[in-house]
2 protein chains.
Amino acid sequence: MKRKKGQLFLVGIGPGHEDIMTPAALDAIKQSDLVIGYKTYIKLVKNLLEGKEVISADMTEEIDRARKAIELAKQGQSVTLISSGDVGVYGMSGLVFEILKETGWKNGDAPDIHLVPGITAMNACASLVGAPLTHDYCCISLSDLLTPWEVIEKRINAAAMADFVIGLYNPKSKHRTEQITKVQKIISEYRTPHTPVALVKNAYRKKEHIVITDLAHFLEEEVGMLTTVIIGNSHTFIFENYMVTPRGYTNKYQWDGQIIKGQTRARSLVVDEVTS
Amino acid sequence: MKRKKGQLFLVGIGPGHEDIMTPAALDAIKQSDLVIGYKTYIKLVKNLLEGKEVISADMTEEIDRARKAIELAKQGQSVTLISSGDVGVYGMSGLVFEILKETGWKNGDAPDIHLVPGITAMNACASLVGAPLTHDYCCISLSDLLTPWEVIEKRINAAAMADFVIGLYNPKSKHRTEQITKVQKIISEYRTPHTPVALVKNAYRKKEHIVITDLAHFLEEEVGMLTTVIIGNSHTFIFENYMVTPRGYTNKYQWDGQIIKGQTRARSLVVDEVTS
């Protein structure tokens, strides 16, 4: 009997609520024999796992988890490796490709690889606080477990200087508490104390907690492992407890849709009198 | 008879394929009397629109579109305003809040506002080319219709200098062809010609087109309005036609999961001999 070729699904489940998990993610889990993931993420999808083998792992066991997923899929099983958010954003898919490379896997070899994107924390959290990402933004992880702090600090400086909206992943942990304070100091060199800041913990989950505050005061609030921090750019404003970054329409248009004198529809912005 | 309070759903439909559109997005469209959107996006969901009023609009009519959506929802209808990708990423939600502010809307007033996130082009495209976003990244729109070019150029410089993975939205249009050439030059000052670059057009749509190339050669390929460009950081590599940005595990671990001498699990990376 010909053995079935193994399948490995790398799946982002989004924040964890089924309403914003994609059908493709649900489908991958449904057709898998085995689901592997960090224990917190496994819990989020536990009602989808009946009748399946499940391997839930601890936080610092990513390499083991990825190797196991590849090995078992190679043997002919359908395996889903899940991450919360998007599996490609600080998720497991990079590590899986690194291990595939290390072990000499070639295109066409078992297992087949399937990537299923999910809604990453930055976008999920943004949707809970208004419209902070209507202009250029960046995502920076403050975890220095695998990245030298100097690299992270350089990115914070660059992002602050160039007026990006800044999303911070992993802002703090039990052993890592100083980084977010340093970040607040760096960004304050470039932006006013009133710059809007959103803190979102457990987005779309039971213990969801949202705070809209500002650059001068956000460290007074609770920030932890599961918090995503969104720091506005120099144009971001707070309106009725929503955080809003303008796209720039008022540079070119009046609110009745009429174009401002000197500007042309569908052509480069003329910058003489523009402040943005 | 008491009139129903109007509802305004701001909905990101993702790239357009139902398999990676969220149930929350589908549900918002289903319960709406009226769906408004740019005509290309309306086409993507046309099989969900039977029996509904539909207003499809042209590209440069965003203010009209947003005003109309607010006005009709205020009158008591359930209105969905759709964007492709995530409605909050260069999408319509920022503009809606700006207009609500302009017109004196307060929390509790009609319409109720509901934000439904979607998978943005950056994440959708990344999932089609491998794992380019496993480390810090930024999104920059090259459209200078509403943003001064100097602001965009400054962000490109900062992102290149600080070694972000860079995603470019709206890299080129009929009237706007020089920007992407300037960007290639700027980034080449900081990164090698072999830096991996992915070009993804029509992600998850019928005419999907993917090219994996590099910084020196990507301008030889077709780049247009509907292309998303992903430029790797200094560690990004190409493996079996996948683009992969390592998370940094090899800074701390061997491939058997053993920790490298001098490093400690769950503690800051010790950087003496680290190159990342």
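Between chain A and chain B, 38 residue pairs are in polar contact, both residues being at pLDDT 80 or more; a polar contact is a pair of N or O atoms within 3.5 Å, one able to donate a hydrogen and the other to accept it, and residues adjacent in sequence count only if both atoms are side-chain atoms. This is a predicted model, in which local features need pLDDT of at least 70 and side-chain atom pairs count only at pLDDT 80 or more, while totals for chains, interfaces and linings use all residues. Residues are numbered from 1 along each chain as its sequence is written, chains are lettered from A in the order in which they are written, and side-chain values use heavy atoms, without hydrogens and water.

Six salt bridges also link the two chains, each defined by a side-chain nitrogen of Lys or Arg within 4 Å of a carboxyl oxygen of Asp or Glu. In one of them, A:Lys106 faces B:Glu240, with the closest N and O atoms 3.9 Å apart.

I turn to the extent of the interface. Contact, meaning heavy atoms within 4.5 Å, involves 95 residues of chain A and 95 residues of chain B. The two chains bury about 8,700 Å² between them, 62% of it on carbon and sulfur atoms; this is the accessible area (1.4 Å probe) lost on putting the two parts together, summed over both.

Finally, the symmetry. Chain A can be laid on chain B by a turn of 180 degrees and a shift of 0.0 Å along the axis, with an RMSD of 0.0 Å, superposed by least squares on C-alpha atoms of residues with pLDDT of at least 70 in both. The copies are thus related as by a two-fold rotation axis.
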